[in-house]
Amino acid sequence: MASYAFAPPAQAAVPIHGSSEKFPIHRIYCVGRNYVDHAIEMGHSGREAPFFFNKPADSALPVESQSVGEMPYPSETKNLQHEIELVVAIGSGGKNVSSAAALSHVFGYAIGLDMTRRDLQNDAKKLGRPWCTGKGFDFSAPIGPIFRVSDVGHLSSGRIALTVNGQKRQESDIQKLIWNISEVIEHLSKFYELRAGDLIYTGTPEGVGTVVKGDLLEASIVGLGELKVRLV
């Protein structure tokens with residue numbers, strides 16, 4: 001039995017809808033600029049090849065159904081922004097997965113928020129530096145319960161929306177993904193061997209904006225309920 005210098009950290013995990021089981025997180029991958037109108041609002045256009053960045057597994061902020069998660073407002077930013085995303089939970093691994101086989105690797109789906117220190121991200125872009133401090137900070141990946149494919153099927157269309165204090169900020173349809181779920185898995189698995197426990201945040205639609213302490217974010221995707229998070 002392995003001996004450690006100190007106790008290993010607890011396994012990061014996400015609740016599974018309708019179950020007492022948890023989904024253990026291996027890695028968190030995120031797709032950049034995967035809705036046309038969001039790419040435009042970020043100053044880009046066209047169907048560029050998908051690109052990816054990571055968040056630490058323990059940046060996840062799991063929120064149970066019918067609960068309001070509390071996200072501490074992060075340090076070193078004056079421009080924290082919300083990005084609602086459909087999250088794909090991988091149930092079986094693979095490398096160089098074809099788009100035709102990709103959905104067989106999906107365990108389920110969830111609502112996620114890719115919270116972003118936009119000022120730090122923009123500074124990093126200007127300097128050609130990694131986005132780590134802008135994207136991968138503590139509690140930067142709120143996520144609701146995972147709904148199994150066996151319960152909700154595979155999601156290819158449906159409303160995705162977010163309000164802040166009851167006011168609409170983001171609203172679109174997941175069928176507007178530039179790269180659909182199968183294509184995202186195909187591309188990502190060329191660079192990494194996917195494993196059970198991976199989460200893929202598939203990109204955000206237009207309407208991203210700034211939030212402050214005290215704001216209540218309510219995110220919804222058809223078939224996946226709601227994710228509620230308050231900034232504290």
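**Figure 1. Surroundings of Ile185 in the predicted model.** Leaving out residues up to four places away in sequence, Ile185 touches Ile90, Val97, Ala102, Val106, Leu194 and Ile200 (contact means heavy atoms within 4.5 Å). The model is predicted, with local features requiring pLDDT of at least 70 and side-chain atom pairs counted only at pLDDT 80 or more, whereas totals for chains, interfaces and linings use all residues. Residues are numbered from 1 along each chain as its sequence is written, and side-chain values use heavy atoms, with hydrogens and water left out.

**Figure 2. The nonpolar cores.** Tyr109, Leu113 and Ile185 touch the most other members of the largest nonpolar core, which has 44 residues. A nonpolar core is a set of buried Ala, Val, Leu, Ile, Met, Phe, Trp, Tyr and Cys residues joined through side-chain atoms within 4.5 Å; buried means under 20% relative accessible area, exposed over 50%, and partly exposed in between, for a 1.4 Å probe and protein chains only. Two or more residues of this core come from each of β3, β8 (84–90), β9 (106–113), β13 (159–164), α6 (181–191), β17 (216–221) and β18 (226–231). Helices (H or I, at least four residues) and strands (E, at least two) are DSSP runs, numbered from the N terminus. A second, separate core of 17 residues includes Val14, Cys30, Ala89 and Ala110. In soluble globular proteins, nonpolar side chains tend to be buried together.

**Figure 3. Strand β3 and its two partners.** In β3 (residues 28–31), Ile28 and Cys30 point one way while Tyr29 and Val31 point the other, and all are buried. β3 runs antiparallel to β4 (residues 52–55), to which 4 bridges join it (two strands pair if DSSP finds at least two bridges between them). Within this pairing, Lys55 of β4 stands opposite Ile28. With β15 (residues 199–201), β3 pairs in the parallel sense over 3 bridges, and Ile200 of β15 stands opposite Tyr29.

**Figure 4. Cys30 and Cys132.** The whole structure contains 0 disulfides, a disulfide being a pair of cysteine sulfur atoms within 2.5 Å. The closest cysteine sulfur to that of Cys30 is in Cys132, and because the distance is 12 Å, it is too far for a bond. Cys132 is likewise in no disulfide. Cys30 is buried at 0% relative accessibility, whereas Cys132 is exposed at 55%.

**Figure 5. Helix α3 and Gln121.** The buried residues of α3 are Arg118, Gln121 and Ala124. They lie on the same side of α3 because they cover an arc of only 125 degrees around the axis, where the arc is that of the directions from the helix axis to the C-beta atoms. An α-helix has 3.6 residues a turn, so residues three or four places apart point the same way. Elements covering the buried residues of α3 include β7 (80–82), β10 (116–117) and α4 (132–135). On the face turned away from the buried side, α3 carries the exposed residues Lys126 and Leu127. Gln121, in α3 (residues 118–127), has a relative accessible area of 2%. Beyond its neighbours within four places in sequence, Gln121 is in contact with Thr116, Trp131, Gly134 and Lys135. Gly128 follows α3 and has a positive phi near 70 degrees.

**Figure 6. Asn79 in the loop between β6 and β7.** Asn79 lies in the loop that separates β6 (68–71) from β7 and is buried, with a relative accessible area of 18%. Its side chain makes polar contacts with the side chains of Gln81, at 3.3 Å, and Thr210, at 2.5 Å. A polar contact is a pair of N or O atoms within 3.5 Å; within protein, one must be able to donate a hydrogen and the other to accept it, and residues adjacent in sequence count only if both atoms are side-chain atoms. Residues up to four places away in sequence aside, Asn79 touches Tyr73, Thr116, Arg117, Arg118, Asp119 and Thr210.

**Figure 7. The open sheet β10-β7-β16.** In this order, 3 strands form an open sheet with antiparallel pairing. β10 and β16 (209–211) are the edge strands, each pairing on one side only. β7 and β16 are joined by 3 bridges, and His82 stands opposite Gly209 in β16.

**Figure 8. The hairpin of β13 and β14.** β13 pairs with β14 (residues 167–173) in the antiparallel sense over 6 bridges, with Ile160 opposite Ser172 of β14. The hairpin has 2 residues between the strands, and Asn165 takes a positive phi near 55 degrees.
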